[in-house]
2 protein chains.
Amino acid sequence: MSHSDSSSLPLVAGVETAGAACGIKPAGRPDLALWHFPDGARWAATVTNHQLRAAPVRRLEALRSASPRPLLRAIVVNSGNANACTGHSGMAAAESVATAAARELGCDPSQVLTCSTGVIGVPLPDDRICAALPDLVGALDPAGWARASAAIMTTDNGPKTAWREIGGVRIVGIAKGAGMIAPNMATMLAYVCTDADLDEATLDDMLAAAVDASFNRIIVDGDQSTNDTVVLAATGKVAVRDRGAVAQAIREVCLELALMIVRDGEGARRIGRITVEGAPNDADALRIARTIGLSPLVKTALYGGDPNWGRIAAAAGNAGVPLDEFDLVIEVGGEVLYRNGDNCMTADVEARAAAAMAQDEVPIRVVVGNGSGTATIWASDLGHEYVTCNADYRS
Amino acid sequence: MSHSDSSSLPLVAGVETAGAACGIKPAGRPDLALWHFPDGARWAATVTNHQLRAAPVRRLEALRSASPRPLLRAIVVNSGNANACTGHSGMAAAESVATAAARELGCDPSQVLTCSTGVIGVPLPDDRICAALPDLVGALDPAGWARASAAIMTTDNGPKTAWREIGGVRIVGIAKGAGMIAPNMATMLAYVCTDADLDEATLDDMLAAAVDASFNRIIVDGDQSTNDTVVLAATGKVAVRDRGAVAQAIREVCLELALMIVRDGEGARRIGRITVEGAPNDADALRIARTIGLSPLVKTALYGGDPNWGRIAAAAGNAGVPLDEFDLVIEVGGEVLYRNGDNCMTADVEARAAAAMAQDEVPIRVVVGNGSGTATIWASDLGHEYVTCNADYRS
């Protein structure tokens with residue numbers, strides 16, 4: 001079962017949410033979200049490995065590595081300001097928000113995570129967040145997902161939600177997309193909550209596997225952000241009979257959110273689903289797939305709807321993985337365009353491949369040898385709308 | 001002394017050139033160039049390390065590693081077809097061109113290099129090249145540089161030439177730019193000829209140093225081609241008194257050509273000169289500089305003329321080199337925008353930085369610590385013209 005309409009998301013036992021406008025974004029747009037776990041939740045998190053991780057990310061990392069890891073009582077997320085490259089005042093601002101939320105909710109600040117997304121290098125107006133918290137706490141609602149998911153958006157065209165129910169266990173995730181907001185870098189954030197009774201080590205493993213197969217397989221523009229964070233929180237209200245099924249459902253929720261993010265990449269008109277097969281191992285396959293997905297020449301061809309296999313070949317050979325033109329096969333939309341040294345681009349093949357390139361999702365398959373390594377990534381195209389979104393807004 | 005007007009390039013003793021149209025490009029556009037060294041030349045070459053190196057590149061590599069390396073008598077360069085991903089027939093076509101040229105010039109095929117640039121994956125019409133060779137040989141002229149430089153162009157807006165004279169030694173270089181031709185990937189090619197009397201090992205060293213400081217420091221779109229080749233040929237007609245000065249002059253010619261290439265990057269409106277200082281070593285500085293120069297977000301900000309230091313910081317922290325926001329300084333056009341944890345973007349600073357961003361070349365300086373490592377690269381911007389050039393031509 002899955003659904004991406006946030007108004008009909010199921011309740012997750014032990015989770016309340018709320019969203020509000022606290023005045024970081026202009027014009028009263030929602031910019032503050034709260035997750036509350038009244039009885040606490042065990043949690044796992046993955047964060048960006050950017051060298052300039054934002055203050056809330058560094059605070060989260062410290063809490064994650066504490067022993068024992070504190071039980072999670074709340075997550076406070078603001079949009080409109082990334083609290084990144086903000087020096088000592090940024091760390092103090094993140095702590096101040098956690099302290100204020102803990103006071104309102106009757107817990108310890110170490111039980112509150114904070115996340116931020118938005119402009120880099122501008123001091124976080126933590127006073128506005130703190131002032132808005134009492135009303136936000138008052139608005140907490142087990143069915144409050146829609147308001148929370150709206151409050152974490154930046155350049156997203158709409159909220160991103162996904163859910164599964166498996167063996168009585170519910171899993172609900174929301175995310176915001178990878179893109180920019182004027183005038184600076186934004187973030188990819190995702191929050192997955194479940195009522196499953198799972199221990200911390202299991203949550204760590206499940207989240208790592210799910211993120212590797214989802215959020216780590218999408219490419220918008222290749223720039224990694226200072227704030228990327230995925231949190232998995234489990235309230236322990238429902239006994240788990242089949243751990244594998246729950247792990248699978250968490251992976252599906254993450255993949256669904258990840259695909260929403262890449263489809264909503266800034267200015268994206270279509271996405272490529274790039275599968276590499278026959279590599280010596282999965283890691284090499286992933287390197288090749290990512291290099292193809294990052295190539296501006298492949299991305300502009302995707303935008304132009306042009307089945308230009310030469311660009312795909314050129315990008316594949318640029319990944320640093322040994323490759324031989326006689327071992328290479330390139331397919332677009334199931335049409336073989338190049339095989340083992342031979343250009344297969346007849347007029348008929350080209351017409352069918354061009355039709356495939358005109359679809360919203362374009363399957364690109366690259367076989368690089370006889371190895372067992374495979375990987376799939378999803379990449380958005382690169383077109384005029386991306387440039388307009390990222391260059392023209394201040395003109 | 002330097003000059004980039006190909007009509008007034010000086011003669012280089014022992015070098016003749018010619019250019020013609022052989023029918024690979026449509027409409028009789030020039031597409032075939034010939035360099036002839038009647039008394040032979042010692043030579044060095046650097047080529048792409050792409051995994052799918054074109055047939056002529058692989059042939060060149062084999063000749064370069066022969067012992068002894070054959071004396072160079074000619075270079076035949078065609079545009080309009082890259083002879084890449086062309087399987088066994090591609091190797092045969094390259095050999096056929098070399099054999100035909102050798103027959104016309106009275107030398108051995110191993111003394112003839114061939115290079116190709118243009119569309120990938122289409123069989124090279126070597127018959128057209130071979131048929132044009134007799135007339136091309138007949139047109140050889142010590143002052144023929146202009147026709148040769150026109151014949152190797154693809155999407156270049158104009159020929160790219162540079163020269164130096166130092167202590168009686170002349171050095172003349174021509175290049176074609178990094179860009180695309182419809183419908184596929186093109187190449188960066190450069191040929192530097194000198195009358196200096198230099199041995200092969202010295203030429204190898206001088207070219208490696210010159211390429212590292214020039215062609216390896218420019219970024220258009222980050223896609224590496226299957227055909228990139230730089231050849232340095234020395235006819236030995238003039239004794240060298242000061243090797244250091246000659247090496248420096250070769251480096252200057254290569255840098256001048258490289259900067260012409262990046263300035264003429266497809267759709268480029270302006271370029272960034274990105275200098276990284278204070279890294280642990282030069283290699284780390286170069287990694288950071290390249291990551292900044294490759295970032296689509298930095299490149300679109302450059303296009304938009306937006307002094308968006310957050311994007312520069314985000315890219316710098318994405319290079320995999322350890323970085324601390326308290327060690328980081330970012331300047332645009334000499335204006336300090338961010339220093340050691342503090343946003344310095346007052347309205348005055350922003351106005352002056354925006355004025356600097358409106359220039360053709362934008363100096364961007366990033367200090368990442370107290371180390372001695374430095375590097376400078378030049379990167380073109382990313383704007384609507386790039387997308388138009390690479391996505392819209394088949395629409």
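User: Does D284(B) count as buried or exposed, and at what relative accessibility?

Analyst: This is a predicted model, so the answer is read from predicted coordinates. Burial is judged by relative accessible area, with under 20% taken as buried. D284(B) has 17% relative accessibility, so the residue counts as buried.

User: Where in chain B is D284(B) found?

Analyst: D284(B) is in helix 7, residues 282-294 of chain B.

User: Which residues is D284(B) in contact with, leaving aside neighbours within four places in sequence?

Analyst: D284(B) contacts A279(B) and V321(B).

User: How far apart in space are D284(B) and A84(B)?

Analyst: Their C-alpha atoms are 33 Å apart. In sequence, 200 residues separate D284(B) and A84(B).

User: Let's turn to helices. What span is expected for helix 3 of chain B, and what does the model give?

Analyst: The expected span is 1.5 Å times one less than the number of residues. Helix 3 of chain B covers residues 126-138, which is 13 residues. The expected value is 18 Å, and the helix reaches 19 Å from its first C-alpha to its last.

User: Where does the kink lie in helix 3 of chain B?

Analyst: The kink is at A132(B), with an angle of about 35 degrees. In chain A, helix 3 bends by about 35 degrees at A132(A), and P134(A) follows within four residues.

User: Which residues of helix 3 are buried in chain B, and what covers them?

Analyst: I129(B), A132(B), L133(B), L136(B) and V137(B) are buried. In chain A, the buried residues of helix 3 are I129(A), A132(A), L133(A), L136(A) and V137(A). Strand 1, strand 2, strand 3 and helix 2 of chain A are among the elements covering them.

User: How should I read the relation between two copies of a chain?

Analyst: Two copies are related by a rotation about an axis and a shift along it. Here, a rotation of 180 degrees with 0.0 Å of shift superposes chain A on chain B, with an RMSD of 0.0 Å. That is the relation of a two-fold axis.

User: Which C-alpha of chain A is nearest the axis?

Analyst: That of H384(A), 2.9 Å from the axis. The same surface serves both copies, as 100% of the contact residues of chain A recur in chain B.

User: How many residues are in contact between chain A and chain B, and what area is buried?

Analyst: The size of an interface is often given as the accessible area lost when the parts come together. Between chain A and chain B, about 4,800 Å² is buried. Carbon and sulfur atoms give 54% of that area. The contact involves 59 residues of chain A and 59 residues of chain B.

User: How many salt bridges are counted between chain A and chain B?

Analyst: Two. E325(A) and R58(B) meet in a salt bridge, at 2.8 Å from N to O. Over all chains, the count comes to 38.

User: Where do D204(A) and R69(A) sit in chain A?

Analyst: Their side chains meet in a salt bridge at 2.9 Å, N to O. D204(A) is in helix 5, and R69(A) is in the loop between helix 1 and strand 3, 135 residues apart. D204(A) is partly exposed at 28%. R69(A) is buried at 12%. R69(A), E200(A) and D204(A) are linked in a network of salt bridges.

User: What are the accessibilities of E361(B) and R263(B)?

Analyst: E361(B) is partly exposed at 22%, and R263(B) is partly exposed at 41%. Their salt bridge has N and O 2.7 Å apart. E361(B) is in strand 16 and R263(B) in helix 6, 98 residues apart.

Methods: Residues are numbered from 1 along each chain as its sequence is written. Chains are lettered from A and ligands numbered from 1 in the order in which they are written. This is a predicted model: local features need pLDDT of at least 70, side-chain atom pairs count only at pLDDT 80 or more; totals for chains, interfaces and linings use all residues. Side-chain values use heavy atoms; hydrogens and water are left out. Helices (H or I, at least four residues) and strands (E, at least two) are DSSP runs, numbered from the N terminus. The bend at a residue is the angle between axes fitted to the seven residues ending there and the seven starting there. Buried means under 20% relative accessible area, exposed over 50%, partly exposed in between (1.4 Å probe, protein chains only). Copies are superposed by least squares on the C-alpha atoms of residues with pLDDT of at least 70 in both. Contact means heavy atoms within 4.5 Å. Buried area is the accessible area (1.4 Å probe) that two parts lose on being put together, summed over both. A salt bridge is a side-chain nitrogen of Lys or Arg within 4 Å of a carboxyl oxygen of Asp or Glu.
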